Amino acid sequence: MSGNNIKVVCRFRPQNKLEIKEGGVPIIEISEDGTGIGLKGKEKNNFSFDKVFGSNTRQQDVFEYSIKSIVDDVVAGYNGTVFAYGQTGSGKTFTMMGSNIDDQENKGIIPRIIEQIFESIQKSPENMEFTVKLAYMEIYMEKVKDLLERKFNYYY
């Protein structure tokens with residue numbers, strides 16, 4: 001195991017077309033060391049994280065820092081979890097799936113995880129066997145739903 005601990009990162013997505021059209025202005029300031037944010041405004045609030053990614057951060061950079069070592073551990077036989085949290089429109093889908101799954105620059109974390117898992121399996125010795133199990137869970141209104149479960153597609 002790579003010595004992974006829980007990492008708490010904050011990722012700000014790029015502004016969408018509507019936000020730009022309406023003259024929206026980001027209200028965050030990222031600390032020089034990249035581990036904290038402050039909100040611009042009357043009240044000064046500061047929040048600390050292991051890493052903060054600004055809106056111009058490449059998807060690959062988010063993956064390399066936040067996820068790659070988790071996938072290395074998964075291929076080595078450990079369980080791994082990636083948890084994306086935020087309000088509607090905050091960028092969870094952009095970060096996890098990306099804006100274009102076929103575009104190397106803009107694909108998100110999930111396509112990169114899948115690629116890394118199967119590349120690792122292909123590079124492994126022929127006598128090794130792998131079983132890959134995946135869940136894609138949604139937590140909404142305090143209900144948990146497996147988005148990949150076609151047959152039952154219900155909340156737990």
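Contact, as used in this report, means heavy atoms within 4.5 Å. The structure is a predicted model, in which local features need pLDDT of at least 70 and side-chain atom pairs count only at pLDDT 80 or more, whereas totals for chains, interfaces and linings use all residues. Residues are numbered from 1 along each chain as its sequence is written, and side-chain values use heavy atoms, with hydrogens and water left out.

## Overall architecture

The protein contains five helices and seven strands. Helices (H or I, at least four residues) and strands (E, at least two) are DSSP runs, numbered from the N terminus. Read from the N terminus, the order of elements is β-α-β-β-β-β-α-α-α-α-β-β. Along the principal axes, the C-alpha atoms fill a box of roughly 60 × 40 × 30 Å. Of the 156 residues, 23% count as buried; buried means under 20% relative accessible area, exposed means over 50%, and partly exposed lies in between (1.4 Å probe, protein chains only). Among contacts with a separation of 6 or more, 41% are between residues 24 or more positions apart.

Two packed helices are described by the angle between their axes and the distance between the axes. Axes here are lines fitted to C-alpha atoms, for helices over the stretch in contact, and angles run from 0 to 180 degrees between N-to-C directions.

Helix H3 (residues 68-75) and helix H5 (residues 109-123) have axes that come within 10 Å and cross at roughly 40°. That angle makes H3 oblique to H5; angles under 35 degrees count as roughly parallel, over 145 as roughly antiparallel, 65 to 115 as roughly perpendicular and the rest as oblique. The H3 and H5 crossing is right-handed. A crossing is left-handed if the near helix is turned anticlockwise from the far one by less than a right angle, and right-handed if clockwise. On the H3 side the contact involves Lys 68, Val 71, Asp 72 and Val 75, and on the H5 side Ile 113, Gln 116, Ile 117 and Ser 120. By class, this contact of H3 with H5 has four nonpolar, two polar and two charged residues. Ala, Val, Leu, Ile, Met, Phe, Trp, Tyr, Cys and Pro count as nonpolar, Asp, Glu, Lys and Arg as charged, and the others, Gly among them, as polar.

H2 also packs with H5, at an angle of about 60° and with the axes 10 Å apart. H2 and H5 are therefore oblique to each other, and their crossing is right-handed. Gln 59, Gln 60, Val 62 and Phe 63 of H2 meet Ile 109, Arg 112, Ile 113 and Gln 116 of H5. The residues of the contact of H2 with H5 divide into four nonpolar, three polar and one charged.

## The aromatic pair

A search of the whole structure finds one aromatic pair. Rings of Phe, Tyr and Trp (its six-membered ring) pair if their centres lie within 6.5 Å; planes under 30 degrees apart count as stacked, over 60 as edge-to-face and the rest as tilted. Phe 53 and Tyr 65 form an edge-to-face pair, 5.9 Å centre to centre with 65° between the planes. The pair links distant parts of the chain, with Phe 53 in strand E5 (residues 51-53) and Tyr 65 in helix H2 (residues 59-66), twelve residues apart. Phe 53 is buried, whereas Tyr 65 is partly exposed.

## Individual residues

The relative accessible areas of selected residues are tabulated below.

| Residue | Relative accessible area | Class |
|---|---|---|
| Phe 53 | 5% | buried |
| Tyr 65 | 30% | partly exposed |
| Thr 95 | 11% | buried |
| Glu 105 | 39% | partly exposed |
| Met 141 | 64% | exposed |
| Glu 142 | 80% | exposed |

Thr 95 lies in helix H4. Apart from neighbours within four places in sequence, Thr 95 is in contact with Arg 11, Gln 59, Val 62, Gly 108 and Ile 109.

Glu 105 is placed in the loop between helix H4 (92-96) and H5. With neighbours within four places in sequence left aside, the contacts of Glu 105 are Arg 58, Gln 59 and Arg 112. Glu 105 and Arg 58 are 47 residues apart in sequence and 7.1 Å apart in space, C-alpha to C-alpha.

Most residues other than glycine have a negative phi. Met 141, however, has a positive phi near 55°, and Glu 142 has a positive phi of about 65°. Met 141 is found in the loop between E6 and E7, and Glu 142 is found in the loop between strand E6 (137-140) and strand E7 (143-146). Glu 142 and Phe 94 are 48 residues apart in sequence and 22 Å apart in space, C-alpha to C-alpha.
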